[in-house]
Amino acid sequence: MSTLTVRCPHCQKLNRIPAERVDDNPSCGVCKSSLINGKPIEGTEANMDALIASGKPVVIDFWAPWCGPCQSFGPIFEATAATKGDDVIFVKVNTEQEQQLGAKYRIRSIPTIMVFKEGKMANQINGALPQSEFTAWLDQSI
């Protein structure tokens with residue numbers, strides 16, 4: 001049985017989840033908050049493949065802390081995760097810390113947003129969007 005490690009978006013504690021249970025709305029062992037729904041989770045090389053292979057669509061925000069457009073888009077991404085988090089897994093990948101993932105997904109500019117469905121990339125967009133445009137793009141993509 002393979003597992004993935006997910007940092008709780010609420011209390012920041014690491015949690016191991018069996019890969020086949022990602023769709024079961026797992027809870028944090030410490031604070032009991034949802035690990036997947038409602039807030040973006042931290043994408044790492046260790047958990048990315050299992051997240052993408054889950055049964056839910058996955059939206060990934062590739063960003064960096066020094067990027068101004070990334071910083072302005074962050075709250076939009078989080079607000080969307082709060083409203084659509086039951087149906088979609090939202091993931092943020094810090095390309096400074098996870099350079100291997102940036103290379104694997106050929107990230108050339110940030111922010112880059114990718115949507116994966118059934119384990120395959122369904123859509124991609126580069127650059128920050130206003131809330132209404134991002135929501136419309138996401139609705140069309142998933």
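Modeller: Helices (H or I, at least four residues) and strands (E, at least two) are DSSP runs, numbered from the N terminus. The model is predicted: local features need pLDDT of at least 70, side-chain atom pairs count only at pLDDT 80 or more, and totals for chains, interfaces and linings use all residues. Residues are numbered from 1 along each chain as its sequence is written, and side-chain values use heavy atoms, without hydrogens and water.

Biologist: Where does T44 lie?

Modeller: T44 lies in the loop between β3 (41–42) and α1 (48–52).

Biologist: Why does T44 count as buried?

Modeller: Buried means under 20% relative accessible area, exposed over 50% and partly exposed in between, with a 1.4 Å probe and protein chains only. T44 has 15% relative accessibility and therefore counts as buried.

Biologist: Which residues does T44 touch, not counting those up to four places away in sequence?

Modeller: Contact means heavy atoms within 4.5 Å; on that basis T44 touches E98 and L101.

Biologist: What is the order of the strands in the open sheet?

Modeller: Two strands pair if DSSP finds at least two bridges between them. The five strands follow the order β3-β5-β4-β6-β7, with mixed pairing. Each of β3 and β7 (120–126) has a single partner strand, so one side of each is left without a neighbour in the sheet.

Biologist: How many bridges join β6 to β7?

Modeller: Six bridges join β6 (residues 112–117) to β7, and the two strands run antiparallel. V115 stands opposite N123 in β7.
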